[in-house]
Amino acid sequence: MGHLVIQGGIPLRGKVKVNGSKNASLPIIAAALLTGEPVIIEGVPDLLDVRTMIAVLEGLGAAVDYAEEQALLRIASGELPPAAPPADLVSRMRASFLVLGPLLARNKKVSLPLPGGCAIGTRPVDLHLKGLTAMGASFSIVNGCVEGHTAGLRGARIYLDFPSVGATENIMMAATLAAGTTVLENAATEPEIVDLANCLNSMGAQVVGAGTAHIRIEGVPRLGGTRHAVIPDRIEAGTLMLAGVITGGDLIVENVLPDHLKPLLAKLIEAGAVVEEIDSTAIRAAAGARTAAVDLKTMPHPGFSTDLQPQFMVLLALAEGTGTVTETVFENRFRHVEGLSSMGARIRVEGRRAIVQGQPRLSGAPVVAPDLRGAAALLLAGLAAQGETKLLQAEHLWRGYCRLEERLALLGAQLERISAGRERAVHTGS
Ligand code: EPZ
């Protein structure tokens, strides 16, 4: 496993551009299985998770060409053989489960390993299976694999017990080719759902209401190819904005959609940070005179995103006063607390709630990345801390952030990436 060595205490300043969204790209790549015609996707970030999803589609027989420098992905799934994707790949990344809906709709049968639980929780898929069962699919679990088949999917009225992003995406994709109308209630409303629906509609689907809790899909006989540009990554944007504030710096973050960041912008302003919309696609984020502790509660969109909770906790660790973080989406998303505590943070975890007593400073230390967003939090803490931080198991970071060290170095950060093979790539501030 590779790691990052961070020299902290340097305020980050300058302009930084956000990449395309990981969590929009992954379902849209899966959606390419719904048609045999070419699907071209622009703005696809070169991430470990994207590479895994590409390998899953290639394992299903799709022809995939990825020009990473242009962030351009071309997929032609052709006449999909009713194959099972490579089990080791699907097990590696939960988002691979998003091929379930498209394969059922296209091939009428599917065999997929149950996605394992992961660092942030058990993360079942019961809502995915319940919705597709209502549409006429039958499932059995055999040796840890979900075996599904259908005589043909048909429209249904489905109420999601929880607004699950993945379940909304799987059901919506399957419904585009089902016979009749599907109504999905209590659906997830994240911007990535809207982006997926827009892509599906550009392929000839009839999805109405994406972005609200009530989505209606009229099934069509087939979908065609398309060319679609994914939305900017709101979680990467928020992570970068927090880096600017937490290091006492001043950043202009470009290629953002401010509307997708409202919960974070509100919390940053409440905490005393300087937040300014420069124009429709750029936001300035800078440290204010002082950062006051606030209370944070993660919620499904349009609430505060759970994917920015670890990063925001670092701001609270350095704020004046005591703040609280309540994590309502995942049952175990405080694994970054251990690393922050070894850097001097004062945090007490009580179930789904963390009480954070702000400190005047953090000090660098060797820390282990627990998961993707926990890795981002520890990176931010290392950038703000006095002294050197060694972020071990930094591969977690590279699952969701593309060339982040290079972009941070252009803002003044002192980072050294040491890959597993011991090659040293030193990124130093300009
Ligand atoms: C998506 O995961 C995102 N991943 C996650 O981002 C994000 O944290 C999450 O949505 C919530 O916003 C992608 O889009 C690839 P869920 P997903 O289904 O779809 C429970 C990141 O850091 N649940 O909305 O897996 C589940 O256990 C990642 O980029 C069920 O109980 O999330 C969890 O507690 C991390 N049954 C909650 O719902 C189900 O059938 C939210 O899960 C499905 C989910």
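Modeller: E42 is partly exposed, with a relative accessibility of 29%; on this scale buried means under 20% relative accessible area, exposed over 50%, and partly exposed in between (1.4 Å probe, protein chains only). The model is a predicted one, in which local features need pLDDT of at least 70 and side-chain atom pairs count only at pLDDT 80 or more, while totals for chains, interfaces and linings use all residues. Residues are numbered from 1 along each chain as its sequence is written, and side-chain values use heavy atoms, with hydrogens and water left out.

The partner of E42 is R227: the two form a salt bridge with their closest N and O atoms 2.4 Å apart. Because E42 belongs to strand 3 (residues 39–42) and R227 to strand 13 (residues 226–229), this pair ties together parts that are 185 residues apart in sequence. A salt bridge here is a side-chain nitrogen of Lys or Arg within 4 Å of a carboxyl oxygen of Asp or Glu, and strands (E, at least two residues) and helices (H or I, at least four) are DSSP runs numbered from the N terminus.

By that rule the model has 19 salt bridges. One of them joins D259 and K262 at 3.8 Å, N to O; D259 is exposed, at 54% relative accessible area, whereas K262 is partly exposed, at 46%. In another, D307 and R333 come to 2.7 Å between the closest N and O atoms. D307 sits in the loop between strand 17 (295–297) and helix 10 (309–317), and R333 in the loop between strand 18 (322–326) and helix 11 (337–342), so that distant parts of the chain, 26 residues apart, are linked. Both D307 and R333 are buried. Salt bridges also link K22, D49 and R399 in a network.

Next, the nonpolar interior. A nonpolar core is a set of buried Ala, Val, Leu, Ile, Met, Phe, Trp, Tyr and Cys residues joined through side-chain atoms within 4.5 Å. The largest has 75 residues, and the members touching the most others are I41, L73, I75, V99, M135, M172 and L200. Beyond its neighbours within four places in sequence, L73 is in contact (heavy atoms within 4.5 Å) with residues including V39, I40, I41 and V44. A separate core of 68 residues includes L296, A369, L383 and W398.

L391, in strand 22 (residues 388–392), is buried, at 0% relative accessibility. Its contacts outside four places in sequence include G2, H3, L4, A369 and L397.

As for helix packing, helix 8 (residues 234–246) and helix 12 (residues 372–384) meet at about 20 degrees with their axes 9 Å apart. The two are therefore roughly parallel, the word applying to angles under 35 degrees. From helix 8 the contact uses I235, T239, L242, A243 and I246, and from helix 12 R373, A376, L380 and A384.

After helix 9 comes G272, with a positive phi near 100 degrees.

Note on methods:
Axes fitted to C-alpha atoms, helices over the stretch in contact; angles between N-to-C directions. Parallel < 35°, antiparallel > 145°, perpendicular 65-115°, else oblique.
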